[in-house]
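The sequence and the model come first, and the notes follow by topic.

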Amino acid sequence: MKQIRTLCLAAGLLLAVSCRGPKTDSTIGASSDTERRVESLLSRMTLAEKIGQMNQVSAGGDVSNYADALRKGQIGSILNEVDPAKINEYQRICLEESRLGIPLLVARDVIHGFHTVFPIPLGLAATFDPDLVEEGARTAALEATAQGVRWTFSPMLDIARDPRWGRIAEGSGEDTYLDARMAEAMVYGYQGRQADSTSMAACIKHFVGYGAAEGGRDYNSTFLTERQLRNVYLPPFEAAVKAGALTLMTSFNDNDGVPSTGNTFVVKDVLRGEWGFDGLVVTDWNSMGEMIAHGFGTDRKDVARKALEAGVDMDMMTYGFLSHLEELVKTGAVKESAIDDAVRNILRVKVLLGLFEHPYVDVEKGVAVQYAPEHLAAAQRSAEESVILLKNDGVLPLKAATVRSILVTGPMADAPHDQLGTWAFDGDKGHTVTPLKALRERFPGKVTFVPGLRYSREKRNAFQDVVAAARRADVVLVFLGEEAILSGEAHSLADLNLKGSQSELLAALKATGKPVVATVMAGRPLTVERDLPNCNALLYAFHPGTMGGPALANLLFGDVNPSGKTPVTFLRTVGQAPLYYSHNMTGRPYNGETLIDDIGMEAGQTSLGNTSYYLDYGAYPLFPFGYGLSYTQFAYSGIVLDKAVYGKDDEIKVSLTLSNTGNCDGTEVVQVYVRDLVGSVTRPVKELKSFERVSLKAGESRDLEIRIPVSELAFYGLDGVKKVEPGDFQLWVAGDSASGDPVPFTVQ
Ligand code: GLC
């Protein structure tokens, strides 16, 4: 056995040396010698061994459970094993006891950090800082690969415009452009800018449209047209493919009646055909098998065939390929060439990750990498930049020198597990620094802690204990929100108000007359309108991760000035869902129509309405996309374009002056939005086309120039062709999606 393996390796290395040369059309950077190594191995594989590579199993547990299957070459990948010694043993069995010695792809959901947990991806998006997000993904890869994990099921690119959907926590929010930039950042971070043993294959998911689940109910059907897919939901995936993403995962949902795992149009025609993706496509957990429940297939053999025909390479946890592909080939229902194509994609990724040369990890070295100080520092900076200041009557920043006693209260003040957020399997809560812990360390002897509520859903009629404590304090810091379990997969909510008696707690604290600073930690934008009057300031932290405590302490006391911006619209009430900034104008745009409180007892039937809004809640959100306050103020002036009329190959140059008119240093996220006034199809009222973080000293002004290629204005119009349509446009430069004045321009 050993003899054959050595021969293969030697042959592989020989090939690698003897015939280099770029394979220019590979989206994942495969070279000609990669291809030769793949072909050389494929030519020696039996049909059973090929099919084995297409099988992924969840292997947490005892290695012996799978030893036999590994020896037979029936498993190509395992997920959910993170013990490096066990991973080494899995790899050893494959390399030394199977016929061809093909290493395993070891996968894990490393979604926002491995052991060092970063803010949830929705919080990372709120930073509008792709460089920082890339650093976080790189940190996650360093920790995970050091323990043998070489494939993560991240980034999640699902556009989410309905906060009832629990997995809004896991993506980059509602906007296509922001999502695409975050996607690129995470792909670069996970895989590294050059392939080495710390490269962890990214997996862009869930392909496609999963976040548009009807009613915001997870796993529900979606009904996206091809035009919506192409203009809104597919671009982030295309950007990630262009960034070199090695793998992609199909989604659970059926779109327009077709489950993604059997959707030939999106997987074979778009992903493979149009984008030329030559990486690996894996199903989501049993999503192949779920096509039977969908009513899209009669049995496991049927859905296995449909998945293969659609372009799927690897089956996560259905065992459909392992159980039925050999028979399907023998009966002629499936060609072996289709299996060869799938196995090529799998082997290509294994070769590019260097798994044949470096299948094992150094267990001792791997431990030293976890929670390294620089990793914790990166997580803290990410948390600091992810927090959004939504309200401040001047109470913030707090003055450390003048604060003698602080009351810390609320169910999220000391919640080390829940502060990590959803999909943080490997984050050890023992390492979490909560706000309580951070504030006690910073102000020894000055902090009183009275929880008020033990968890978010607790109901209480009165709060004598916490009110009495508030009366004795100079300032009240209350930490509210939702536990990690209330967001994430399968955890959709129909009511987005603060649960339990949290709002009552806040009101009771406010009634004491003491300054009350509220911080919400959640996995989604909750509806906090009713709570705003009961706090002097409100910080919004999407589950901030391991270092959320020190980050919030720095923000509360002004060591760091908040710079986060809303990556998703904050609703006034859940009844407004879905509501997002880049909506269409409609034929009857809202123009401040009469609201229900203005309606007298008698109102003629025809005296109201005629535009697109809600009688009781109007048409506007509580906070728009891209919104966030600072401890200072920023002013935009001199916004001019270099031309009034552009050609399709031109570049728009926007000049402006940004001024920090306040009395402290700060960072603004300058955002550029564009509207195409008339198209062959109706166009959104605004679309984000550029953003950048600009840091200015107090009183400083800076001239900026932002360049946007006219080609960025292209969209799929009535003829289904992506192009820029000539006509009139408007452009905004502002600190959020609802501010600023339009500057007109024309494209010829
Ligand atoms: C889950 C999720 C997917 C995850 C996979 C493996 O059901 O939908 O995002 O990567 O299974 O854990």
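Angles under 35 degrees count as roughly parallel, over 145 as roughly antiparallel, 65 to 115 as roughly perpendicular and the rest as oblique. The model is predicted, so local features need pLDDT of at least 70 and side-chain atom pairs count only at pLDDT 80 or more, while totals for chains, interfaces and linings use all residues. Residues are numbered from 1 along each chain as its sequence is written, and side-chain values use heavy atoms, with hydrogens and water left out. Helices (H or I, at least four residues) and strands (E, at least two) are DSSP runs, numbered from the N terminus.

**A helix pair**

- Helix α11 (residues 264-274) packs against helix α13 (residues 300-310) at an angle of about 25°, and their axes are 8 Å apart; axes are lines fitted to C-alpha atoms, for helices over the stretch in contact, and angles run from 0 to 180 degrees between N-to-C directions.
- α11 and α13 are therefore roughly parallel to each other.
- Thr264, Val267 and Lys268 of α11 meet Leu308, Glu309 and Ala310 of α13 in this contact, where contact means heavy atoms within 4.5 Å.
- Three residues of the contact of α11 with α13 are nonpolar, one is polar and two are charged; Ala, Val, Leu, Ile, Met, Phe, Trp, Tyr, Cys and Pro count as nonpolar, Asp, Glu, Lys and Arg as charged, and the others, Gly among them, as polar.

**The six-strand sheet**

- Six strands form an open sheet in the order β11-β16-β15-β14-β12-β13, with mixed pairing; two strands pair if DSSP finds at least two bridges between them.
- At the edges stand β11 (388-392) and β13, each of which pairs on one side only.
- From one strand to the next, the twist averages 20°.
- Strand β12 (residues 406-409) is covered on both faces: Ile406 and Val408 on one side are buried, as are Leu407 and Thr409 on the other. Buried means under 20% relative accessible area, exposed over 50%, and partly exposed in between (1.4 Å probe, protein chains only).
- β12 runs parallel to strand β13 (residues 447-449), and three bridges join them. Leu407 has Thr448 as its bridge partner in β13.
- Between β12 and β13 the chain passes through helix α18 (residues 435-442), and this β-α-β crossover is right-handed. A crossover is right-handed if, with the strands pointing away from the viewer, the path from the first strand over the helix to the second runs clockwise.
- α18 lies across β12, β13, β14 and β15 (516-522), and runs at about 150° to β13.
- β12 also pairs in the parallel sense with strand β14 (residues 475-481), over four bridges. In β14, Val408 stands opposite Leu477 and Thr409 has Val478 as its bridge partner.

**The three-strand sheet**

- Another open sheet has three strands in the order β17-β19-β22, with antiparallel pairing.
- β17 (634-641) and β22 (701-709) stand at the edges with a single partner strand each, so one side of each has no neighbour in the sheet.
- The twist here averages 25° from one strand to the next.
- β17 and strand β19 (residues 651-660) run antiparallel and are joined by six bridges; Val640 stands opposite Ser655 in β19.

**Strand β26 and its partners**

- Strand β18 (residues 645-646) pairs with β26 in the parallel sense over two bridges, and Tyr646 stands opposite Val747.
- Strand β25 (residues 727-734) runs antiparallel to β26, with five bridges between them; Phe729 has Phe745 as its bridge partner.

**Single residues and peptide bonds**

- Ile102 lies in the loop between α5 (84-97) and β3 (105-108), and is buried, with a relative accessible area of 9%.
- Ile102 and Leu41 are 61 residues apart in sequence and 9.1 Å apart in space, C-alpha to C-alpha.
- The Lys205 to His206 peptide bond is cis, with omega near -10°, and His206 belongs to strand β5 (residues 203-207).
- The Leu396 to Pro397 peptide bond is cis, with omega near -5°; Pro397 is in the loop between β11 and β12.
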